[in-house]
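This report describes the fold of a predicted model, working from the domains to the sheets and then to the helices.

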Amino acid sequence: MNLLPALAAHAEATAHPTETTCACGPTTTLADREDATVVRHAGTVAKAHAPGTDPTELSLRLTTAARLPEVLLAPLTSTVTPLHDRLVTLWPHGAPVDPDDPDAAPWEAVGTLLARLHRAAPPTALPPMRGPAKAARAIARLHAALSDTPHTAAPAAASRTEPAPTLAPDPAITPDPATAPDLAPRAAPAVLRAWAALPPWARAEAAMPGPAYLCHGDLHLGQLVRHPAPHGPWRLIDVDDLGVGVPAWDLARPAAWYACGLLPPGEWTRFLTAYQRTGGPAVPSDGDPWAALDVPARALTVQTAALAITKAVAARRPLDVVEQALVDACARMVTVPRQLTGGHPD
Amino acid sequence: MQCPKCHAPMQTYNRNGVQIEQCSGCRGIFLDYGELEALTRLESQWSQPAPPPPAAPQAYPAPPAPAWGAQHGGHQGGHGHYGHHRHKSFGHMLFSS
């Protein structure tokens with residue numbers, strides 16, 4: 001039996017431990033990616049974690065979620081079950097943010113939950129937060145995509161040292177498909193240079209500096225659900241990258257979006273203010289947060305740009321205007337020295 | 001078409017109704033006959049004394065942003081890529097690892 005039907009059967013058996021039939025309707029697949037397969041049956045969600053996931057580390061992360069039900073969605077059980085060659089965990093169903101209505105994103109809740117998470121004492125033996133490791137993996141994927149394509153490091157892009165003025169393209173006008181495939185790889189040198197300029201800890205080549213805070217490690221709007229659905233309080237989900245480390249990393253994705261001109265200032269302010277008001281330790285409670293955010297926001301910009309180029313190269317398409325904004329920010333990073341990171345040496 | 005300077009492909013953009021070719025490599029801009037005049041005309045319309053503004057569109061100063069950030073990140077009072085409607089690609093990015 002393949003993983004997907006086996007996982008569905010596992011979710012169904014959990015939802016109905018005694019009955020042999022049910023009237024809840026079909027089991028739905030919420031995600032089926034390389035790194036995770038998630039199915040839902042009625043109120044039960046079963047997740048098969050990435051191949052090669054360490055069972056001890058996953059158990060520690062699962063226990064952390066079970067102990068912080070005010071912040072993280074609590075699992076149905078604290079046990080990790082092997083299924084085929086994967087590890088499976090069980091969760092209650094929660095209602096996610098509507099991807100078609102990101103304007104309804106609960107930015108205050110995100111800021112408040114992160115602050116509460118960072119203020120919680122991390123359990124002993126919890127492994128490091130995996131944010132920098134994910135950034136390094138994105139760079140590895142970019143290298144792999146570039147080596148698969150005949151077009152690499154274009155001299156015109158490589159010699160660019162100053163940010164060029166950007167025109168907002170008319171979405172109705174698309175570039176000539178005949179010339180499109182070689183456009184995306186040209187953006188890679190700027191991204192790789194920005195990556196090389198980051199301190200070793202942000203590239204997962206050294207331990208993270210400073211006190212070890214409890215961090216989520218992969219925050220975005222898909223990492224929130226309301227439980228119980230549909231009107232319960234917001235909770236953070238996905239413990240795969242949870243661990244101890246630099247808490248500013250959890251603020252860095254929204255920070256990167258804001259810095260690149262993608263997230264409007266009002267939404268960024270709602271998020272940051274909620275975090276500060278809840279006593280989040282990643283940034284000062286008032287004043288400029290960028291001394292702490294600079295390095296993680298650079299890393300997340302580089303990570304997102306690298307994945308965008310990788311996808312564009314695979315699809316043989318040019319970058320769109322949003323992806324280009326990330327690459328342009330990477331190009332500007334090399335000309336701007338890193339901000340002093342309060343107490344965080346390289 | 002290809003850039004006469006670095007030979008990278010050029011992409012067409014529409015700026016205030018004027019078609020502009022920009023090089024994907026060196027970011028140089030190519031204008032057809034009459035396009036520079038069209039842009040100058042538009043510029044002069046902008047620089048004419050404007051009627052008194054109805055109300056300040058932005059009552060609060062924009063929050064700080066890093067120096068490598070986009071110029072339109074807010075501090076110049078301009079608009080980034082968010083505008084009135086969120087770009088579909090960014091909508092997807094909000095939910096992706």
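Domain bounds here come from an automatic or database domain assignment. On that basis chain A is divided into domain 1 (3–92) and domain 2 (131–333). Residues are numbered from 1 along each chain as its sequence is written, and chains are lettered from A and ligands numbered from 1 in the order in which they are written. The model is predicted: local features need pLDDT of at least 70 and side-chain atom pairs count only at pLDDT 80 or more, while totals for chains, interfaces and linings use all residues.

**Overall content and domain contact**

Helices (H or I, at least four residues) and strands (E, at least two) are DSSP runs, numbered from the N terminus. The secondary structure of chain A comes to 10 helices and 10 strands. A residue is called buried if 20 or more other C-beta atoms lie within 10 Å of its own, exposed if 12 or fewer, and partly exposed in between, with C-beta atoms placed from the backbone. Of the 346 residues of chain A, 46% count as buried.

Two residues are in contact if their C-beta atoms, placed from the backbone, lie within 7 Å. Among contacts in chain A between residues at least 6 apart in sequence, 78% join residues at least 24 apart.

As noted, chain A is divided into domain 1 and domain 2. Their contact takes 10 residues from domain 1 of chain A and eight residues from domain 2 of chain A. On the side of domain 1 of chain A that touches domain 2 of chain A, helix H2 (residues 55–67) of chain A supplies the largest share, four residues. That side divides into seven nonpolar, two polar and one charged residue; here Ala, Val, Leu, Ile, Met, Phe, Trp, Tyr, Cys and Pro count as nonpolar, Asp, Glu, Lys and Arg as charged, and the others, Gly among them, as polar.

Two strands pair if DSSP finds at least two bridges between them. Five strands of chain A form an open antiparallel sheet in the order E1-E2-E3-E5-E4. Strand E1 (28–32) and strand E4 (81–83) of chain A are the edge strands, each pairing on one side only. Neighbouring strands of this sheet are turned by 30° against each other on average, direction ignored. For such angles, axes are lines fitted to C-alpha atoms, for helices over the stretch in contact, and angles run from 0 to 180 degrees between N-to-C directions.

| Strand pair | Bridges | Facing residues |
|---|---|---|
| E1(A) and E2(A) | four | Thr28(A) and Arg40(A) |
| E3(A) and E5(A) | five | Ala46(A) and Leu90(A) |
| E4(A) and E5(A) | three | Leu83(A) and Arg86(A) |
| E8(A) and E9(A) | three | Arg226(A) and Trp234(A) |

E5(A) is mostly covered, with five of its seven residues buried. The hairpin of E4(A) and E5(A) has two residues between the strands, and His84(A) takes a positive phi near 55° there. Helix H1 (residues 3–15) of chain A lies across E1, E2, E3, E4 and E5 of chain A and runs at about 40° to E2(A).

**The three-stranded sheet**

Another open sheet, of three strands of chain A, has the order E6-E8-E9 and antiparallel pairing. Its edge strands, each pairing on one side only, are strand E6 (95–96) and strand E9 (234–236) of chain A.

**Buried helices**

Helix H6 (residues 188–196) of chain A is largely enclosed by the rest of the structure, because seven of its nine residues are buried. Among them are Ala188(A), Val191(A) and Trp195(A).

Leu142(A) is in helix H4 (residues 131–147) of chain A. Leu142(A) counts as buried because it has 25 C-beta neighbours inside 10 Å. Leaving aside its neighbours within four places in sequence, Leu142(A) is in contact with Ala188(A), Val191(A), Ala306(A), Ile309(A) and Thr310(A). Leu142(A) and Val191(A) are 49 residues apart in sequence and 9.7 Å apart in space, C-alpha to C-alpha.

Helix H10 (residues 321–333) of chain A has 13 residues and reaches 19 Å from its first C-alpha to its last, close to the 18 Å expected. The expected span is 1.5 Å times one less than the number of residues. H10(A) is largely enclosed by the rest of the structure, since 12 of its 13 residues are buried. Its buried residues include Glu323(A), Asp328(A) and Arg332(A). What covers the buried residues of H10(A) includes H6, helix H7 (248–259) and helix H9 (290–314) of chain A, together with helix H2 (88–93) of chain B.
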